Amino acid sequence: MDVLWMIPLLLLMIIPLLMCTSSTFVFYFKKFFYVAWMMVLALIAIPLCILKSGGRDIENMRIIRFMVRHVKYLLGLRFEVSGWEHLQTEGPYVVISNHQSSLDVLGLMEILPDRCTTIAKKELVYAGTVGLICWLGGIVFINRKKTSDAKSVMADAAKTMLDDQIRLWVFPEGTRNQNGDLLPFKKGAFHLAVQAQVPIIPVVFSSYSNFYLRKEKQFKSGVIRLKILPKIETKGMTSDDVSSLSDKSFDLMRAAFLDISDSITRSNGPVRH
Ligand SMILES: CCCCCCCCCCCCCCCC(=O)SCCNC(=O)CCNC(=O)[C@H](O)C(C)(C)COP(=O)(O)OP(=O)(O)OC[C@H]1O[C@@H](n2cnc3c(N)ncnc32)[C@H](O)[C@@H]1OP(=O)(O)O
Ligand SMILES: CCCCCCCC/C=C\CCCCCCCC(=O)OC[C@@H](O)COP(=O)(O)O
């Protein structure tokens with residue numbers, strides 16, 4: 001029994017020591033802590049959401065947003081947001097942003113407008129308590145391997161957006177990417193906006209390469225710039241305009257990404273390609 005009590009005590013001494021001496025330990029510790037803490041937060045949020053809304057409801061995103069807001073401090077991250085005024089748009093719209101890591105959830109919750117949920121890969125629904133909280137928050141799950149299924153889910157989503165006055169956040173790169181640039185955009189987000197005839201609001205996260213390096217196993221403290229760009233109207237557009245709309249959005253976001261990342265990385269070495 002006495003020995004058992006010593007274990008947490010020993011851990012309390014060893015963990016800070018390792019945190020000070022090994023950046024690889026910090027990397028794994030922060031990653032593990034992030035996932036574990038989000039799981040715990042989701043576990044707490046589940047009954048709150050069920051009590052408030054009785055089940056799957058976009059209003060649950062308010063609870064989820066509130067619960068996640070402090071996590072940045074625990075990981076030593078800070079957000080610098082610009083362009084808040086562009087989110088002051090009435091009614092439904094599609095938010096599009098670049099996608100570097102699951103850490104993007106922190107930035108998303110930093111600026112998530114009311115009545116806004118996201119589109120996510122269907123595998124996320126199996127992620128334990130996080131999966132359940134995503135479902136309760138009204139997240140729209142798509143099967144990326146079956147384009148026809150994904151298209152029909154998104155066509156339904158376009159209708160729901162208008163019927164229920166909902167905003168949707170889509171990651172048009174379609175996967176996580178940390179190559180120091182944006183991946184070519186998939187078309188779903190743009191079809192969605194055109195079908196619903198709602199504006200697109202592009203949001204850009206600066207490169208994480210000044211604090212989070214997967215290959216080098218580094219996860220330092222850092223600043224993330226979040227730039228909200230002016231909305232792009234889609235009124236009157238048809239599916240024929242989707243490609244040019246996607247290209248235009250890509251060019252605007254890429255320029256903003258290089259701009260805000262450059263001003264961070266200039267003092268921390270170049271963006272990695
Ligand atoms: C309290 C504790 C909290 C805990 C914590 C909570 C966390 C709470 C936040 C969670 C946050 C999660 C974040 C998850 C983030 C991800 O899961 S990212 C991955 C999932 N998301 C996406 O993939 C979205 C982007 N992908 C797309 O939009 C893709 O277009 C689709 C719909 C999947 C289709 O993919 P695809 O077939 O590979 O790609 P694509 O080349 O775009 O399309 C092929 C053809 O179909 C056409 N097409 C595409 N879409 C359509 C459409 N909708 N209609 C008609 N035609 C279409 C295209 O135009 C194209 O035709 P052509 O132009 O070549 O003739
Ligand atoms: C039963 C246990 C399963 C454990 C799974 C752990 C789940 C993660 C838990 C906590 C992290 C909180 C944030 C969750 C939301 C992150 C969603 C995300 O970033 O999904 C990746 C997806 O965008 C693209 O996937 P790929 O890059 O194509 O792959």
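Strand 1, residues 77–82, runs parallel to strand 9, and six bridges join the two. Pairing here means that DSSP finds at least two bridges between two strands. Strands are DSSP runs of E, at least two residues; helices are runs of H or I, at least four; both are numbered from the N terminus. L77 has G222 as its bridge partner in strand 9.

Before I go on: this is a predicted model, where local features need pLDDT of at least 70, side-chain atom pairs count only at pLDDT 80 or more, and totals for chains, interfaces and linings use all residues. Residues are numbered from 1 along each chain as its sequence is written, and chains are lettered from A and ligands numbered from 1 in the order written.

Now strand 6, residues 200–205. It pairs with strand 9 in the antiparallel sense, over three bridges. There, F205 is bridged to L226.

Is strand 9 enclosed or open? Largely enclosed by the rest of the structure, because five of its seven residues, 222–228, are buried. Buried means 20 or more other C-beta atoms within 10 Å of a residue's own, exposed means 12 or fewer, partly exposed is in between, and C-beta atoms are placed from the backbone.

Next, T160, in helix 7, residues 147–164. T160 has 17 C-beta neighbours inside 10 Å, so it counts as partly exposed.

Last, ligand 2. Its surrounding residues include H99, K121 and R176; the criterion is a backbone-placed C-beta atom within 6 Å. Helix 2 (23–53) and helix 6 (128–136) each supply at least two shell residues.
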